[in-house]
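Please read the following points alongside the coordinates.

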Amino acid sequence: MGKIITIIVVAVLVIWGIYYFVSGTPSSSNLNYSSSTPGTSSSTGTNTGSTSQGGTSTSVATSSKNIAMDIKNFAFGLTPLTVSVGTKITWTNQDTAPHTVTSVTGTELNSAKLAKGQSYSHTFTKAGTYDYYCTVHPNMKATVIVQ
Ligand code: CU
């Protein structure tokens, strides 16, 4: 009697596993492929107010004129971030460690050391690509694209 129950349980688990593998994995990746395929959307080309975060793709385009960005877990929250000329970005440090917002070249971004909870704001008035980093942790890098 015990053997029969064990065989039934194993059989159900195997069938469930096969079903999960066959139906779950391919359909979710198909969704990802179709949603990222260009040319199917009928928008005008601007991606108003939408942000995508998470995973390895963090590219963000926005038409908002005021953007709040957290510096958290030793990373700048939104990068690369595409904004329009005249956009003001406010960085706020959420880490206990101090961070800066500092241009890699030039002086466009030049914050003081930000303690936890402190912010730094900058309005971009010229188109261009602005690479910046944290002078305390030089491996923290990010990019703002102004167009
Ligand atoms: Cu830092």
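1. The copper ion has as protein donors His99 (ND1), Cys134 (SG) and His137 (ND1), at 1.9 to 2.1 Å. Donors are N, O and S atoms within 2.8 Å of the metal (3.2 Å for Na, K and Ca); water is not among the atoms, so the site may look incomplete. Along the chain the donor spacing is H-x34-C-x2-H. Histidine 99 lies in the loop between β5 (88-93) and β6 (102-103), and histidine 137, 38 residues apart from it, in the loop between β8 (128-133) and β9 (141-146). Strands are DSSP E runs of at least two residues, numbered from the N terminus.

2. The model is predicted: local features need pLDDT of at least 70, side-chain atom pairs count only at pLDDT 80 or more, and totals for chains, interfaces and linings use all residues. Residues are numbered from 1 along each chain as its sequence is written, and side-chain values use heavy atoms, leaving out hydrogens and water.

3. Histidine 99 is buried at 0% relative accessibility, and histidine 137 is buried at 17%. Buried means under 20% relative accessible area, with a 1.4 Å probe and protein chains only.

4. β2 (66-72) has a covered face of Ile67, Met69 and Ile71 and an uncovered one of Asn66, Ala68, Asp70 and Lys72. It pairs with β5 in the parallel sense over six bridges, pairing requiring at least two DSSP bridges. Methionine 69 stands opposite tryptophan 91 in β5.

5. β2 and β3 (residues 75-76) pair in the antiparallel sense over two bridges, with isoleucine 71 opposite phenylalanine 76.

Terms used:
Helix = DSSP H or I, 4+ residues; strand = E, 2+ residues; numbered from the N terminus. Buried < 20%, exposed > 50% of the residue type's maximum accessible area, 1.4 Å probe, protein only.
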